[in-house]
Amino acid sequence: MATGTENGTFSPNTGNKAVGAANDGLTSAASKRLRRELMDLMMSSDKGVSAFPDGDNLFRWIATIEGPKDTVYESLKFKLRLEFTAKYPYVAPRVQFTSTCFHPNVDSEGNICLDILKDKWTALYDVRTVLLSIQALLSEPNLESPLDPLAASLWEKSEFRQILMSKCSVEENKKKKAKH
């Protein structure tokens, strides 16, 4: 009897037919919503954000965000992972940078401090909104609530860009070595 997740997807089987049927309905509603959001993203004219399911798993997506123009992140690309539960869109997705991102509101594990992913989440938000909000956060961090105190203390100093570029350079070199 499985409860929770198997292979990253929600798999309700509680033995209680009423609860199981309710969970199947949630999973179906979440799947339908995610399929619609995928189509909306594919048809969107938004520049600098994209996301697709990771293989056949509709509840786990890989996203790319380009650094906003006229910021220290311009010309950089960041990868993120989005994980959804069967309760989506009523529960925010778990979103995490998988590429290095030196930023006041991103910790060394890629966790993001963004209000819409926590207490300000509503079912009105979608993947597109989340990605555009994270992209905006890159240029306008919340310095009052940093996850990375060093990045917050250096945000308005020239050293910030130097550290950012050195971290990105190290990651890029790791990727090149992995390909060879």
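Analyst: Searching the whole structure turns up 6 salt bridges, where a salt bridge is a side-chain nitrogen of Lys or Arg within 4 Å of a carboxyl oxygen of Asp or Glu. Keep in mind that this is a predicted model, where local features need pLDDT of at least 70, side-chain atom pairs count only at pLDDT 80 or more, and totals for chains, interfaces and linings use all residues. Residues are numbered from 1 along each chain as its sequence is written, and side-chain values use heavy atoms, with hydrogens and water left out.

Let's begin with a pair inside a helix. Arginine 33 and glutamate 37 form a salt bridge, and their closest N and O atoms are 2.5 Å apart. Both residues sit in helix H1, 4 residues apart, or about one turn of the helix. (Helices, H or I with at least four residues, and strands, E with at least two, are DSSP runs numbered from the N terminus.) An α-helix has 3.6 residues a turn, so residues three or four places apart point the same way. Glutamate 37 and arginine 33 are both buried; buried means under 20% relative accessible area, exposed means over 50%, and partly exposed is in between, using a 1.4 Å probe and protein chains only.

Next, look at the strands. Arginine 60 and glutamate 83 meet through their side chains in a salt bridge of 2.9 Å, N to O. That pair links distant parts of the chain, with arginine 60 in strand S4 and glutamate 83 in strand S5, 23 residues apart. Arginine 60 counts as partly exposed because its relative accessible area is 28%, and glutamate 83 is partly exposed too, at 25%. Glutamate 83 has another partner: its side chain also meets that of arginine 81 in a salt bridge, this time at 3.4 Å, N to O. Step back and you get a network of salt bridges linking Asp54, Arg60, Arg81, Glu83 and Arg94.

Arg81 is one of the residues it touches, along with Lys79, Leu80, Glu109, Gly110, Asn111 and Ile112, leaving out residues up to four places away in sequence; touching, or contact, means heavy atoms within 4.5 Å. The side chain of glutamine 96 also reaches the backbone oxygen of glutamate 109 at 2.8 Å. Its side chain joins that of asparagine 111 in a polar contact of 3.4 Å. A polar contact is a pair of N or O atoms within 3.5 Å; within protein, one must be able to donate a hydrogen and the other to accept it, and residues adjacent in sequence count only if both atoms are side-chain atoms.

Now for the nonpolar side of the story. In soluble globular proteins, nonpolar side chains tend to be buried together. Here the largest nonpolar core has 41 residues, and Trp61, Phe97, Ile112, Val127 and Ile134 have the most contacts inside it. Elements that each supply at least two residues of this core include strands S4, S5 and S6 and helices H1 and H2. H2 gives the most, with 6 residues. By definition, such a core is a set of buried Ala, Val, Leu, Ile, Met, Phe, Trp, Tyr and Cys residues joined through side-chain atoms within 4.5 Å. Isoleucine 134 shows how this comes together: leaving aside neighbours within four places in sequence, it is in contact with Ile65, Leu80, Val95, Phe97, Ile112 and Leu114.

The buried residues of H2 include Ile134 and Gln135. Glutamine 135, at 13% relative accessibility, touches residues including Ile65 and Glu66 once those within four places in sequence are set aside. Glutamate 66 is in strand S4, and it is partly exposed because its relative accessibility is 34%.

One last stop is the loop between S6 and H2, where you'll find cysteine 113. UniProt's unreviewed entry places the feature "active site" at Cys113; its positions are given in the numbering used here, feature names are shortened, and annotations may be inferred rather than shown by experiment. Cysteine 113 is partly exposed, with a relative accessible area of 23%. Apart from residues up to four places away in sequence, cysteine 113 touches Asn105, Leu137, Ser145 and Leu147.
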